[in-house]
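Have a go at each task before you read on.

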Amino acid sequence: MIHSVKRKRIYRVMARFCCIFVCLVIAVVLITGCSPTESDALPGYIEGEFVRVASKLSGQLNVLSVTKGARIDSGVPLFTLEREFERQAVNQAKASVQEAVHTLHDMEKGSRPEELDQIRAEIKEIEARLKLLKLEYSRRTRLYRDKSIAQETLDITTSEYQQTQANLQRLRATLDTAKLASRIDRIKAAQSDVDVKKAALAQAQWNFDEKHQAAPQAGLVFDTLYREGEWVGAGQPVISLLPPENVKARFFIPENQVATLESGQTVFVHCDGCGEEYKGTISYISAEAEYSPPVIFSQVFRTKLVFMVEAVFPPEVAAKLHPGQPIDVYLHEHNPNAS
């Protein structure tokens, strides 16, 4: 009788324990079903692809027209380097074109004996100048071998020497043509000279324009890399722009889920303090697997093989996001405030 009572008590205790365990399991299931698991969120960050605006020519930064953090439209002036030398070169090239055009028109009207004398005088003048340039070229070549002068100094002398040689050859050809009975060759030579001078003018104008840069795209002035008065080397960026279309989400998906994604698919992005869910569109899925990058601090992703995925946003959304900002990406619409 005593053993029977004990068994009944043990059965009642076990029954109560089973009921409590079942209730706990149901509660865990309900809680888990109401809130997303860690594996639902794909970790990532915001990436920005910057447009770094530079001049192909070097010079002192005279004018910086924008400030860091400003949002600007396409075509807005960004900066201007010192370009007085280029301005004078343009004026000189314009004068050379006018002179060449006048010479061509004069030849078309008919030759005069004075023209031959003028060409001969020009040839003598250039020959004398060429002798001096040849000596200077030889001298600077030796100095360059001794590493006494820079390559740029030698290049300037070489260019001037070669240009003078070309001018001498041109004038000699012009003189030979002028002696011919037929005038058509002289006119063609003069026309060629006009074309050469116009090409030189175009080059001088390009040099002048290159030292003034405007915004190639609308966007955020992410950074200004030089201050007014500083020397800027050729090809060195002065302004770093971030167009809205260059802001993207970069996240990582496990290799066993990558087959479920496709380009153009909508994803849902959450970030700390954003207060709302942003929709992005998948633009790129990497074809190469990699291990979880160190920047992704996730216990779930620590040892997984993942694929990198990129998604883009509408401009009005991209303007609210910042490069380096950590995010959580969901493949389905998700309410972060749900319990």
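**Exercise 1.** How many salt bridges does the structure hold?

*Solution.* A quick note before counting: this is a predicted model, where local features need pLDDT of at least 70, side-chain atom pairs count only at pLDDT 80 or more, and totals for chains, interfaces and linings use all residues. Residues are numbered from 1 along each chain as its sequence is written, and side-chain values use heavy atoms, leaving out hydrogens and water. Now look for a side-chain nitrogen of Lys or Arg within 4 Å of a carboxyl oxygen of Asp or Glu, the definition of a salt bridge. The count comes to 14.

**Exercise 2.** Find the salt-bridge partner of Glu-49 and work out where both residues sit.

*Solution.* Step one: the partner is Lys-248, with the closest N and O atoms 3.0 Å apart. Step two: Glu-49 is in the loop between strand S1 (42-48) and strand S2 (51-54), while Lys-248 is in strand S10 (residues 247-254), so the pair links distant parts of the chain, 199 residues apart. Strands here are DSSP runs (E, at least two residues), and helices are too (H or I, at least four), numbered from the N terminus. Step three: check the surroundings, where buried means under 20% relative accessible area, exposed over 50% and partly exposed in between (1.4 Å probe, protein chains only). Glu-49 is partly exposed at 35%, whereas Lys-248 is buried at 10%. Step four: widen the view, and you'll see Glu-49 and Lys-248 linked with Arg-250 and Glu-310 in a network of salt bridges.

**Exercise 3.** Which residue forms a salt bridge with Glu-136?

*Solution.* It's Arg-139, with 2.6 Å between the closest N and O atoms. Both residues lie in helix H3 (residues 113-145), 3 residues apart, or about one turn of the helix. Glu-136 is partly exposed at 23%, and Arg-139 is partly exposed at 36%.

**Exercise 4.** How many aromatic pairs does the structure hold?

*Solution.* Rings of Phe, Tyr and Trp (its six-membered ring) pair if their centres lie within 6.5 Å; planes under 30 degrees apart are stacked, over 60 edge-to-face, and the rest tilted. There are 3 such pairs. Among them are Tyr-45 and Phe-252: their centres are 6.5 Å apart and their planes at 40 degrees, so this pair is tilted. Tyr-45 lies in strand S1 and Phe-252 in strand S10, so the pair ties together parts 207 residues apart in sequence. Tyr-45 is buried at 17%, and Phe-252 is buried at 3%.
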